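Let's walk through a protein model together, one region at a time.

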Amino acid sequence: MDASDVCRFNACMHRSPAVVVQVDLGRVRKNVAEVRRKTNADLLAVVKADAYGLGASAVAGAIGDLVDGFCVFDLREAVQADLWGRTGKPVLVLGPPATRDPAEYFRQHARPAVTSVEQANALRAAGPVLCVDTGMQRFTWPASQLKQALESVQWSEAFTHAVQPEQAHLLLNLISQRNLYLHAAASALLDDPSTHLNAVRPGLALYRGAVRVSTPLVEVHDTHGPAGYTGFEVERHGVILAGYSNGVRTGPCLINGHLRRIIEVGMQSAFVEIGPKDRVGDEVTMLGDGLSESAVAAEWRSSAQEVILRLSGSGKSVYI
Ligand SMILES: *Cc1c(COP(=O)(O)O)cnc(C)c1O
């Protein structure tokens, strides 16, 4: 298995040459420091999906000295970003094992999450990690089979996917006597110390506010009657060179300090409602400058994670 096996996460989406994605690695470092301040546990930085589109190699290089380890979904992501080589920090692979060869994990200083005795035995030499079901009901070991799991394998670490505090507490109750290294908390649970256990696993919390996405207006029009495919009616509209092939959706944007809307999205361009003073060349900010991933997510009816992922892949990345 090598890095070329991996579909680069955003490769199926096109980066528009007209869109600039600014990734603020200093902000990612500050976010890591903030999580450190809030928690009294190890920090396993989640850099799956190319660090939510920010670039796993760049992010790992920027925060490697501040974290205790990294999490990816698939071992190949660790290979591709060379997480161990770049940082000397170990890796936890959260998703189902893609190989039964422990040497492949060992080489990356990666340990696989496992969900059966068969996987645990095959990957024994790689330090398999017990992934306990506390409600997620996927990629997990059902609690009803936990006794069997605990009796048949020598574990040193267990975790659960948790969105509610009760799930972290349940993990603790199920495993506590065994002295295992335990973790549950993703970003949503960072404010609840009772869920932090031995380590926290934030993704989103590391990337909030770190991505700014902008593109210029390439046309502006006083709108006459219904326009576009959908026949939208506004006073004035502009056009940007980014559409759904670049990950863009209808939703909020900022132009010259005013909150505006992307009103209709096409394949590689979109219509934007503009104000009386907006001109060709003016910048349309789709994320950043105070327009948060959560605000965009609310309008998309999606998650902040998806907003960061889609928009960070919408154009050419520049690291600042
Ligand atoms: C993705 C993921 C995380 C990080 O989630 P965020 O909500 O982005 O912090 C943590 N743990 C597991 C198991 C995950 O799959």
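The lining of the second largest pocket divides into 4 nonpolar, 2 polar and 5 charged residues. In this sorting, Ala, Val, Leu, Ile, Met, Phe, Trp, Tyr, Cys and Pro count as nonpolar, Asp, Glu, Lys and Arg as charged, and the others, Gly among them, as polar. The residues that line this second largest pocket are Arg27, Asn31, Glu34, Val35, Lys38, Ser187, Leu190, Asp191, Leu204, Ala205 and Arg208. Two elements give two or more residues to this lining, helix H1 (25–38) and helix H10 (204–207). The largest share, 5 residues, comes from H1. The volume of the second largest pocket is about 160 Å³.

A word on what you are looking at: this is a predicted model, in which local features need pLDDT of at least 70 and side-chain atom pairs count only at pLDDT 80 or more, while totals for chains, interfaces and linings use all residues. Residues are numbered from 1 along each chain as its sequence is written, and side-chain values use heavy atoms, with hydrogens and water left out.

How is empty space found? Rolling a probe the size of a water molecule over the atoms shows where empty space is left. On a 1 Å grid over the protein atoms alone, a cavity is a set of points where a 1.4 Å probe fits but cannot get out, and a pocket is an open set with protein on both sides within 12 Å along at least five of seven lines; lining residues have an atom within 4 Å of a point. Grid points are joined across faces, edges and corners, and a volume is the space filled by probe spheres set on the points.

By this rule there is 1 cavity of 30 Å³ or more. The largest cavity has a volume of about 50 Å³. Around the largest cavity you can find Val248, Arg249, Pro252, Ile262, Met286, Val296, Trp300 and Leu311. Sorted by class, its lining has 7 nonpolar, no polar and 1 charged residues.

Now look at a pair of helices. Two packed helices are described by the angle between their axes and the distance between the axes. The axes of helix H11 (residues 293–300) and helix H12 (residues 304–312) come within 8 Å and cross at roughly 100 degrees. Here axes are lines fitted to C-alpha atoms, for helices over the stretch in contact, and angles run from 0 to 180 degrees between N-to-C directions. H11 and H12 are therefore roughly perpendicular to each other; angles under 35 degrees count as roughly parallel, over 145 as roughly antiparallel, 65 to 115 as roughly perpendicular and the rest as oblique. From H11, the contact (heavy atoms within 4.5 Å) is made by Glu293, Ser294, Val296, Ala297 and Trp300, and from H12 by Ala304, Glu306, Val307, Ile308, Arg310 and Leu311. These contact residues divide into 7 nonpolar, 1 polar and 3 charged.

How many residues of H12 are buried? The number is 7 of the 9, so H12 is largely enclosed by the rest of the structure. Buried means under 20% relative accessible area, exposed over 50%, and partly exposed in between (1.4 Å probe, protein chains only). The buried residues of H12 are Ala304, Val307, Ile308, Leu309, Arg310, Leu311 and Ser312. In the loop between H11 and H12 lies Arg301, which counts as exposed at 79% relative accessibility. The phi angle of Arg301 is near 55 degrees, a positive value in a residue other than glycine.

Another helix to find is H9 (residues 165–175), with Pro165, Gln167, Ala168, Leu171 and Ile175 as its buried residues. These pack against E6, H8, strand E7 (157–162) and strand E8 (181–185). In the loop between strand E6 (129–131) and helix H8 (146–152) is Ser144, which counts as exposed at 68% relative accessibility.

Finally, step back to the whole chain. The protein chain has 12 helices and 17 strands; these are DSSP runs numbered from the N terminus, with at least four residues for helices (H or I) and at least two for strands (E). Buried residues make up 52% of the 320 residues. The C-alpha atoms fill a box of roughly 75 × 40 × 35 Å, taken along the principal axes.
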